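Q: Please take a close look at one part of this structure and describe what surrounds it. A plain account will do.

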Amino acid sequence: MFKHKGKILGYTVLTSTILLSGCGLLGGETKQKIDPPKTISVADQKESKKSKAEKTENSVKTELYLIDKNGYVVPQTLNLPTTKSVATQALQYLVEGGPVSNELPNGFRAVLPESTDLSVDIKDGVATVNFSKEFKNYQPEDEMRILQSVTWTLTQFDNVSAVKLKMNGHELTEMPVKGTPISENLSRASGINFDVADVIDITNTKPVTVYFIGGEEGSYYYVPVTRRVSNNQKDPVAAAVNELIKGPNEKSNLVSDFTPDVKLLDEPKYEDGKVTLNFDENVYGSFEEKVISQHLVDALVLTLTEQKGIEKVAVQVKGKAEIKNDQGKKLSEPVTRPEKVNTGSF
């Protein structure tokens, strides 16, 4: 399935995963004894459906930036109770031992120290977070992850573009444990999951955030990674696409469906929030069938819609827009960013 980065996960692996999750696709005789099925009345079924509907109706999908087992800060979309204070609630669900405990996906952990109290005040696009003194009880290696998690969790909301931090009412200019400097207004431009392995002179570079794939069979998810690219690369879209093609760091646990031989045939074209990309045929996941991996498209759209002014992405191959993904769906229309990332369905 994923072609880029040392370990290659064959398409058959993903197919097997899907088949295994299907109902009755591996049917046959069961040798072990099982309890007879319980009788469920029509009334019980209706009540169960009603309960699920009410739970969904009384919840709001929220991205929580949690830490995975490899140390990446990753968005995970959870259904949280409906509330007027969505920003405050989102951060409360980042507290270890708090309400997120029973909701954590496998291999993930909360970000903020246990027993941390907090409040959020939003004004003129800036969310000011005031933490209690327990905020400083984190492990030193989590310092940057905390900054990134809080910033990216809050900036998912339309009315928040930047973040300020306080502790016990006093503004923080640096983190309390290792002293990492805190810029006046933290934003997504500050970056996340930094990969600077190949950067020699950081002063002549600028950041670009791209999405690779993390996790493992049966539970893959998209991971944002910030890299530094040369200031000589004037087109930010082309720079981001080139980083996707370059693929994840070989030492990382991330993978990609891009291959190093993929090329853009033309410069990206911009029009009313849409960017059009014209690739060569190496972008095909299956050259025989001439289809494009949906995971490649997803990573591309997530990456480019992080950039200001881009709302949708149109993909072409050798100038033709009539192409299909590996699920048989036509990609003739521009693709927009999903409302939330990593909802559990990959």
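Are F258 and F279 buried or exposed, and what lies around them?

A: The model is a predicted one. In it, F258 and F279 are both buried, as each has under 20% relative accessible area. The two rings make an aromatic pair of the tilted kind, with 6.4 Å from centre to centre and 55° between the planes. F258 belongs to the loop between helix 5 (236-246) and strand 10, while F279 belongs to strand 11, so the contact ties together parts that are 21 residues apart in sequence. The structure has five aromatic pairs by the rule applied. Elsewhere, ring pairs join F131, F135 and Y138 into a cluster.

On the F279 side, the setting is a sheet. Strand 11 covers residues 274-279 and pairs with strand 10 in the antiparallel sense, over three bridges. Within this pairing, K269 has T276 of strand 11 as its bridge partner. Both strands belong to an open sheet of four strands in the order 10-11-13-15, and the pairing in this sheet is mixed. Strand 10 (269-271) and strand 15 (335-336) are the edge strands; each has a single partner strand, so one side of each has no neighbour in the sheet.

On the F258 side, the setting includes a cavity. F258 is one of the residues that line the largest cavity, together with Y211, F212, I213, L244, V255, S256, D257, H295, L296 and A299. Strand 8 and helix 6 (294-304) are the elements that give two or more residues to this lining. The space in the largest cavity is about 40 Å³, and the lining consists of eight nonpolar, two polar and one charged residues. Two cavities of 30 Å³ or more are counted in the structure.

Strand 8 (205-216), strand 1 (59-67) and strand 9 (219-230) each supply at least two residues of the pocket lining. The largest pocket holds about 960 Å³ of space. Its lining has 33 residues, and T155, R188, T305, E306 and Q307 are the ones nearest the centre. By class, twelve of the lining residues are nonpolar, eleven are polar and ten are charged.

Two of the residues nearest the pocket centre, R188 and E306, form a salt bridge in which the closest N and O atoms are 3.2 Å apart. This pair connects distant parts of the chain: R188 is in the loop between strand 6 (170-171) and strand 7 (194-195), and E306 is in the loop between helix 6 and strand 13 (312-317), 118 residues away. E306 is partly exposed, with a relative accessible area of 23%.

A further salt bridge joins the side chains of K290 and E281, with 3.3 Å from N to O. K290 is partly exposed at 36% relative accessibility, and E281 is likewise partly exposed at 25%. Nine salt bridges are found in the whole structure.

Methods: Residues numbered from 1 in each chain as written. Predicted model: local features only at pLDDT ≥ 70, side-chain atom pairs only at ≥ 80, totals over all residues. Heavy atoms only, no water. Pairing = 2+ DSSP bridges. 1 Å grid on protein atoms, 1.4 Å probe; cavity = no way out; pocket = protein on both sides within 12 Å on 5 of 7 lines; lining within 4 Å. Points joined across faces, edges and corners; volume = space filled by probe spheres on them. Nonpolar A, V, L, I, M, F, W, Y, C, P; charged D, E, K, R; others polar. Phe/Tyr/Trp six-rings, centres within 6.5 Å; stacked < 30°, edge-to-face > 60°. Buried < 20%, exposed > 50% of the residue type's maximum accessible area, 1.4 Å probe, protein only. Salt bridge = Lys/Arg side-chain N within 4 Å of Asp/Glu carboxyl O.
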